[in-house]
Amino acid sequence: MEDRLYDTKDIIYALATPWGSAALAIIRISGEHSIELLSSVFSRPRALCDADSHTLVHGFLVDPENKQHVDEVVVSVFRDKRGYTGEESAEITLHGSLVVVREALQLLGRIGMRSASPGEFSFRAFMHGRIDLTQAEAIHEIISARTSVGKAMAMNKLEGALFDRIEELKQRVLKVVSSVEVQLDYAEDEIGGDIEFPFEEVTFIHKRLDELAYSYKIGRLYAKGAKIVIAGSTNAGKSTLFNLMLRQERSIVSDIHGTTRDFIEAELSIAGIPVLLYDTAGFREASSDSVEVEGMHRTGRLLDQADVILLMLDGTDAQRAKATSSTLIQDSRCIVVWNKTDKALSLEIPEDSIAISAKTGFGMDTLLNEIAKRLLNDTTTTGQDQIVIESQRQYDALTRASAALKKAFEFAEDEVPLDIIAIELDEALDALGSLTGDVASEEILEQIFSGFCVGK
């Protein structure tokens with residue numbers, strides 16, 4: 001037990017709001033007799049101990065050593081296993097001064113509470129049946145969401161959409177298992193002949209599992225985001241496009257070649273996808289400036305890491321633009337963007353390119369739509385209420401269940417003995433059970449929850 005990350009017998013505490021100066025801060029505590037222990041450093045101990053669940057008690061935290069007030073606070077009381085963790089708990093709202101928060105945390109530690117490990121509150125909520133494992137992971141995803149779309153997808157899972165889908169598939173697999181076990185447990189004459197293997201049902205379940213597993217690509221994209229690098233020859237308008245996409249002046253814009261010496265990065269959202277956008281040093285045939293040359297080398301390294309490359313070509317100097325970018329045009333990640341088309345009226349734009357004016361904004365909707373299409377890799381989404389996974393653990397469990405069902409189907413086609421088919425069906429059930437936490441050991445659960453932030 002000494003090596004265990006969590007000890008559910010302890011009374012734990014953690015700062016639930018970000019560490020930093022603010023008007024207010026919240027400290028969470030949880031555990032059996034936690035309110036009674038908190039009352040020992042509260043100015044109105046009887047009022048706190050007698051408070052009903054889901055009520056507020058005003059008072060002061062008091063240092064028992066010197067009888068000084070640490071801060072004026074309001075305590076939210078949660079009894080009868082009605083709090084987030086499913087056990088007696090409280091939340092202390094206090095002033096958000098770093099000094100106040102630090103003294104309050106130290107005070108709780110001195111009276112016998114333990115600082116919570118990352119994810120320990122959610123771990124206790126799961127162990128007490130307040131949430132299932134998919135909802136616990138959704139909480140973590142909401143906290144780390146970088147766009148409103150990513151948050152909405154995680155919220156959908158917190159509300160139980162993924163759990164309901166998994167439960168539906170589990171029940172379907174159980175019916176298939178039942179049809180197999182009946183034939184294993186009873187003689188043919190007792191059940192009135194053979195029961196046909198439900199091939200159509202297994203095909204349906206397998207398809208639904210693969211659809212969920214495939215959504216991992218979308219989930220990871222909305223969770224982790226993408227890198228987009230604006231590249232091209234000098235003076236092609238890269239910095240102007242960078243500023244336009246950000247809707248703010250971040251990069252210096254100049255007609256002088258080689259103005260951008262190093263890359264500049266910024267975050268934005270495209271179609272709800274978090275994007276890290278890079279403005280880079282432009283390419284040109286030769287430069288005697290060692291700083292500019294190093295900038296071009298750094299651009300090359302960024303291009304290797306890019307998910308999408310916006311290759312900016314100067315429409316007023318088409319011949320030079322093509323000459324300096326001929327190799328990059330062949331890259332499958334590349335979107336060829338002809339800029340300054342408001343000036344180059346006679347320029348013929350190839351069908352696989354996009355014409356824009358970074359100065360006026362012409363063509364930007366077309367460009368943004370193409371970026372989103374490339375990032376999603378032609379994957380269609382059905383909106384923010386779509387069930388999308390972003391956990392590697394969930395993806396692995398789904399693919400394990402899918403592989404087991406596929407084997408069961410193939411074994412049934414080949415008329416393999418039913419007891420072997422039953423083993424594969426049980427493997428599929430175990431994989432689905434691991435998604436919601438039905439068959440996970442505490443050690444595995446601790447590995448999952450330990451990746452969460454402290455206070456959750």
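Leaving aside its neighbours within four places in sequence, with which residues is I371 in contact? I371 touches I228, M245, I270, L310 and I335, where contact means heavy atoms within 4.5 Å.

## Basis of the report

The model is predicted, and local features need pLDDT of at least 70, side-chain atom pairs count only at pLDDT 80 or more, and totals for chains, interfaces and linings use all residues. Residues are numbered from 1 along each chain as its sequence is written, and side-chain values use heavy atoms, with hydrogens and water left out.

Buried means under 20% relative accessible area, exposed over 50%, and partly exposed in between (1.4 Å probe, protein chains only).

## The six-stranded sheet

Helices (H or I, at least four residues) and strands (E, at least two) are DSSP runs, numbered from the N terminus. Two strands pair if DSSP finds at least two bridges between them. An open sheet of mixed pairing is formed by six strands in the order β8-β9-β7-β10-β11-β12. Since β8 (264-270) and β12 (354-355) stand at the edges with a single partner strand each, one side of each is left without a neighbour in the sheet.

Strands β7 (residues 226-232) and β9 (residues 273-279) pair in the parallel sense over five bridges, and I230 stands opposite D279 in β9. Helix α8 (residues 199-224) packs on the sheet, touching β7 and β9, and its direction makes about 55° with that of β9. Helix α9 (residues 238-246) lies across β7, β8, β9 and β10 (308-314), running at about 45° to β8. Axes are lines fitted to C-alpha atoms, for helices over the stretch in contact, and angles run from 0 to 180 degrees between N-to-C directions.

## A hairpin and a loop

Strands β3 (residues 55-62) and β4 (residues 69-78) pair in the antiparallel sense over eight bridges; the bridge partner of L61 in β4 is D71. Their hairpin has six residues between the strands, and K67 takes a positive phi near 60° there.

E415 is found in the loop between α14 (392-413) and α15 (418-436). E415 counts as exposed because its relative accessibility is 69%. E415 and F197 are 218 residues apart in sequence and 9.9 Å apart in space, C-alpha to C-alpha.
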